[in-house]
Amino acid sequence: MSRRRWLFFAVSVLIALGGVIWFFRHQGLQRADQMSSVGGFLTGVLGMVLSLRPARGSQGEDPDTTMLAKTLATAVQDQWQREVANQALHRFESLAVRWAVTDRSGLRDHPEAVFGAGATAQDEVDFHGTVADAAQQYLSLPKQRLVVLGEPGSGKSALVARLLLDLLGERQDTGPVPVLLPVRTWDPSNEHLNDWIVRELATLYYGRSEEVPRQLLLDGALIPILDGLDEIAEASRRHALAAIDRATGGRQPVVVTSRVAPYQAMVDESGVLVAAAVVELAPLDINDVVTCLDRSVPVGDARWDPVIRYLRANPSSPLAEALSTPLMVFLAQTAYGSRQAPATLINTIQNMSSRQDVERHLVKALVPARYTAYPDPTHAQPRRTYSADQAERWLGYLARNLQRTATRDIAWWKLAQLVPRAVLGAFFLIGGGSLLGFAAAALFGTGVGIAVGIIGGAFFGFGGELVEAVFRLFGQHIDRSAPVPVHAVIHQGGRIRLFAGTFVAGGVGGLGFALALLAWHRLGPAWGPVVILCALVACLVMVTGLADVLRGPVSLTELTPRSILSSDRTTATLRAIGLSIGVALGIVTLTRSDAGIVSAIGFGLVAALSGYGDSAWGFFLLTRCWLALTGRLPFRLMTFLEDAYRRGILRQYGPVYQFRHQHLQESLASP
């Protein structure tokens, strides 16, 4: 039994024994008999809660790795098929994005280590292809270790997405599952790669439960695709290649992507990635671009002819240089793809003297182009409409904050960091203080109610700052930047267990508080606060203990921003209702007076506010209100983000959104 369960069990026994001794000694047999009914009721509810707990043993001690891998493969395939379609990455297939073993010196291992015994430089020459050939060529590598290099926008993300889907399409029942993981959050100097992979997969698919992803990794059922090695923090990036080699033993499959210059610096620091083929994406030539533009319109449509003629006549122009990457070709097609627009592109770029100027212009043109009004399908649910100016203003605000915090993740639960702590604290001070004062005044009079309201409200609103200051005195730091949401989808059985558990915990807290009132009257005010404190501690132990006891196995579920928002809202609501009803009934049961009823209502509302206020969803609701009132973001923020995702401005990575490319984030963040 875990320490938390032992603590839960011990506190439960002490509460039961203490209650029995108290009532037999001070209330007599008749009153104790009445209270035994209450205790029996709560015990019955607790028994029901424990009976609802799913049996772990029935799940098997050692789940079959083959079935676990198959389930994960289905989820990953569904996720990336949707992502490829939403980001229009399939349009890159009309581009001949070519790759070959890099000819840069010092970046790759010897041919024998990569291609097998007896391999020569000719094997390196023969290892080349397009995006469509990547999976076939990768499977031909004896150790299936690959590094993909390329400049921003060169098609690395499109290549590894196609590689992942093709590998899943070719996968046999017992084959490993490729998983694509943006690696920027990994700190190779402080965290083992295997631990990071397990944590990422647990967050993405398993409700933060690490048991299944760790089993899959240890059984060799995964092919990690580590996207964006160059985005790791510069201070620890130099340890990345050595850390990958240690984790994979130089022989386990792995795929890595990076920009060229940072990868060169990593190799200079720690050596090459052992036994890995190192390929580099080639820039597009004029013929590739012309073919792509021509194929993007129906046969006989000549709208791109002015641009094609300009590119052929000026192959070294800033426009031609800019369109040497798939990203810029895609942006040009998106911004200037209407029937009359291609001709205006030439006029627009005439005064631009560099490739960078053209790229900045094409990136800035994406949002206005994507927010051009277009009709919904018949019978479709009408979508909210946003103007390009609104979208640019709101997306720019998000982008600036991402740049300021050096991250790419738009996590809805972290948006609370954008609201001053004083604003959030003032809300809980006023709300919690008013309810506490109202409840205390019903029992002890107006003066005590005002004092309790002020002191309790201050602790309710700014108690976290006090706790943080105490920890700092001892050299410790706690992260209170934002509550973390429930990273799991709660199904029917989980809802029932959660409500029943919080109801029992609230009932214990309510009975404990009522006992404190009796102690106040019989033992004097010196013991009243002590018993109240014990009741609060007991309630906290009951809540955490029940959460541990009732937690069942987590089934694989692809988590999205909307799904964890819904789950956290459900969790907060059930917790608030369960705690408030339990606290109110516990107080009413022992006080049995009009003042006790009023106090029960007040403290029940305090418990409900605590249930919501301790949740990520509760903070998000306050955050939405504040940011909407100050004009920074729309009130229906999640609807706006989902709309931006459908328009291809954002991409989705598990429970967070990201701008589809770093260039776009930087462009929107600029003045």
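Two residues are in contact when they have heavy atoms within 4.5 Å of each other. Keep that idea in hand as we walk through this predicted model, where local features need pLDDT of at least 70, side-chain atom pairs count only at pLDDT 80 or more, and totals for chains, interfaces and linings use all residues. Residues are numbered from 1 along each chain as its sequence is written, and side-chain values use heavy atoms, with hydrogens and water left out.

Let's start with Y263. Leaving aside neighbours within four places in sequence, Y263 is in contact with L107, V147, L149, L241, S258, L273 and V278.

Y263 also belongs to a nonpolar core, meaning a set of buried Ala, Val, Leu, Ile, Met, Phe, Trp, Tyr and Cys residues joined through side-chain atoms within 4.5 Å. Buried here means under 20% relative accessible area, with exposed over 50% and partly exposed in between (1.4 Å probe, protein chains only). The largest such core has 149 residues, and Y263, L319, I649 and F659 have the most contacts inside it. Which helix gives the most to this core? That is α7 (residues 156-170), with nine residues. Helices, by the way, are DSSP runs of H or I with at least four residues, numbered from the N terminus. A second, separate core has 10 residues, including L579, A584, F603 and A607.

Now look at how helices pack. Two packed helices are described by the angle between their axes and the distance between the axes. The axes are lines fitted to C-alpha atoms over the stretch in contact, and angles run from 0 to 180 degrees between N-to-C directions.

Take α21 (residues 421-444) and α26 (residues 594-613), which pack at about 160 degrees with their axes 7 Å apart. That makes α21 roughly antiparallel to α26, because angles under 35 degrees count as roughly parallel, over 145 as roughly antiparallel, 65 to 115 as roughly perpendicular and the rest as oblique. Among the residues making this contact are F427 and L435 of α21 and F603 and L609 of α26.

For α16 (residues 326-335) and α18 (residues 355-364), the angle is about 50 degrees and the axes are 9 Å apart, so α16 is oblique to α18. M328, L331 and A332 of α16 meet E359, L362 and V363 of α18.

Finally, find S236 in helix α10 (residues 234-237). Is S236 buried or exposed? S236 is buried, because its relative accessible area is 7%. Not counting residues up to four places away in sequence, S236 touches D187, P188 and S189.

Methods: Helix = DSSP H or I, 4+ residues; strand = E, 2+ residues; numbered from the N terminus.
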